[in-house]
Amino acid sequence: MGTHERWTRLLEILGEKGQVGVAEAAELLDVSAATVRRDMEELARQQLLTRTRGGAVLGGVSYELPLRYKTGRQADEKQRIARAAAALIPPGAVVGVNGGTTTSEVARELATRADLAERGGATALTVVTNAINIANELAVRPYVKTVVTGGVARPSSYELTGPLATMVLQAISLDYAILGVNTVDPRFGAATHDEGEASANRAMAERAQTVVVVADSTKLGKRSFAQVCEVAEISVLITDKDAPQELVERFVSQGVEVTCV
């Protein structure tokens with residue numbers, strides 16, 4: 001287990017329990033107590049938890065893992081999903097991409113596609129994003145026209161949200177929207193934990209001709225607080241091979257093209 005993966009799991013344990021002792025954390029993570037103490041000290045320095053005598057409790061921040069700590073989860077699956085999503089986009093398309101770990105991988109796949117780079121300085125792709133990390137990834141590519149919405153940045157996802165983001169998205173037209181979500185359910189659709197993110201993502205979906213949802217199998221069949229779009233609005237769902245067949249069939253029966261990679 002790598003360092004960031006271990007930190008992620010430690011924060012998840014705290015999210016579930018509210019507090020945890022060093023000995024208990026060491027057993028759950030299968031590492032030494034000394035390693036847990038070092039991890040807790042570093043996460044406390046980043047104000048993601050509060051150290052106590054013999055352990056840690058949740059810090060004075062709302063519990064939602066920052067993006068950099070989510071990247072280690074389902075990493076291989078997310079890379080395969082990202083490659084499949086990027087392969088759907090033809091040169092010359094206008095693509096909306098929201099924030100998230102999987103969509104960040106999609107942006108990297110698009111940025112390194114040889115057929116786009118071969119166009120030299122000409123615009124081979126237009127990407128509209130409300131994620132500042134994705135904009136940073138793409139802005140240095142001369143063949144990608146990068147359009148960034150306004151808005152207020154959320155530190156956990158690097159997404160710009162609020163009226164400024166929604167206003168820009170409602171004024172444009174997209175060929176594709178590639179959306180990362182917290183959950184996607186055959187009955188309740190695609191959703192996220194934060195209503196501000198959901199509002200911006202919903203605007204992106206409404207302006208797109210084709211809506212592509214990228215979600216690994218751990219997100220299927222679950223519900224989150226704020227709906228992004230209904231199942232009927234999803235054109236393509238790209239997930240991994242561990243997706244339960246029963247759920248896949250329910251999506252397909254509603255007209256969603258499901259790709260398991």
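The model is a predicted one. The protein contains 11 helices and 15 strands. Its radius of gyration is 19 Å, close to the 18 Å that the globule rule gives for 261 residues, so the protein is as compact as a globular protein of that length.

**Overall build**

- Along the principal axes, the C-alpha atoms of the protein fill a box of roughly 55 × 45 × 35 Å.
- Buried residues make up 49% of the 261 residues of the protein.
- Among contacts in the protein with a separation of 6 or more, 64% are between residues 24 or more positions apart.

**Domains**

- The protein is divided into two parts: domain 1 covers residues 3–63, and domain 2 covers residues 75–260.
- A distance of 32 Å separates the C-alpha centres of domain 1 and domain 2.

**The sheet S10-S11-S13**

- An open sheet is formed by 3 strands in the order S10-S11-S13, with antiparallel pairing.
- Strand S10 (183–185) and strand S13 (226–229) each have a single partner strand and stand at the edges of the sheet, so one side of each is left without a neighbour there.
- On average, neighbouring strands of this sheet are turned by 35° against each other, direction ignored.
- Strands of a sheet pair through backbone hydrogen bonds, in either a parallel or an antiparallel manner.
- S10 is joined to strand S11 (residues 189–192) by 3 bridges, and the two run antiparallel.
- Opposite Asp-185 stands Gly-189, a residue of S11.
- Helix H10 (residues 195–206) lies across S11 and S13, and runs at about 15° to S13.

- Asn-98 is located in the loop between strand S4 (94–97) and helix H6 (101–111).
- The relative accessible area of Asn-98 is 0%; because a residue counts as buried when this value is under 20%, Asn-98 is buried.
- The side chains of Asn-98 and Asn-201 are joined by a polar contact of 3.4 Å.
- Leaving aside residues up to four places away in sequence, Asn-98 touches Thr-103, Asn-130, Ala-131, Ile-134, Glu-159, Ile-178, Leu-179, Gly-180, Asn-201 and Met-204.

Key
Residues numbered from 1 in each chain as written. Predicted model: local features only at pLDDT ≥ 70, side-chain atom pairs only at ≥ 80, totals over all residues. Heavy atoms only, no water. Pairing = 2+ DSSP bridges. Helix = DSSP H or I, 4+ residues; strand = E, 2+ residues; numbered from the N terminus. Axes fitted to C-alpha atoms, helices over the stretch in contact; angles between N-to-C directions. Contact = heavy atoms within 4.5 Å. Domains from an automatic or database assignment. Buried < 20%, exposed > 50% of the residue type's maximum accessible area, 1.4 Å probe, protein only. Polar contact = N/O pair within 3.5 Å; in protein donor to acceptor, adjacent residues only side chain to side chain. Rg over C-alpha atoms; globule rule 2.2 N^0.38 Å.
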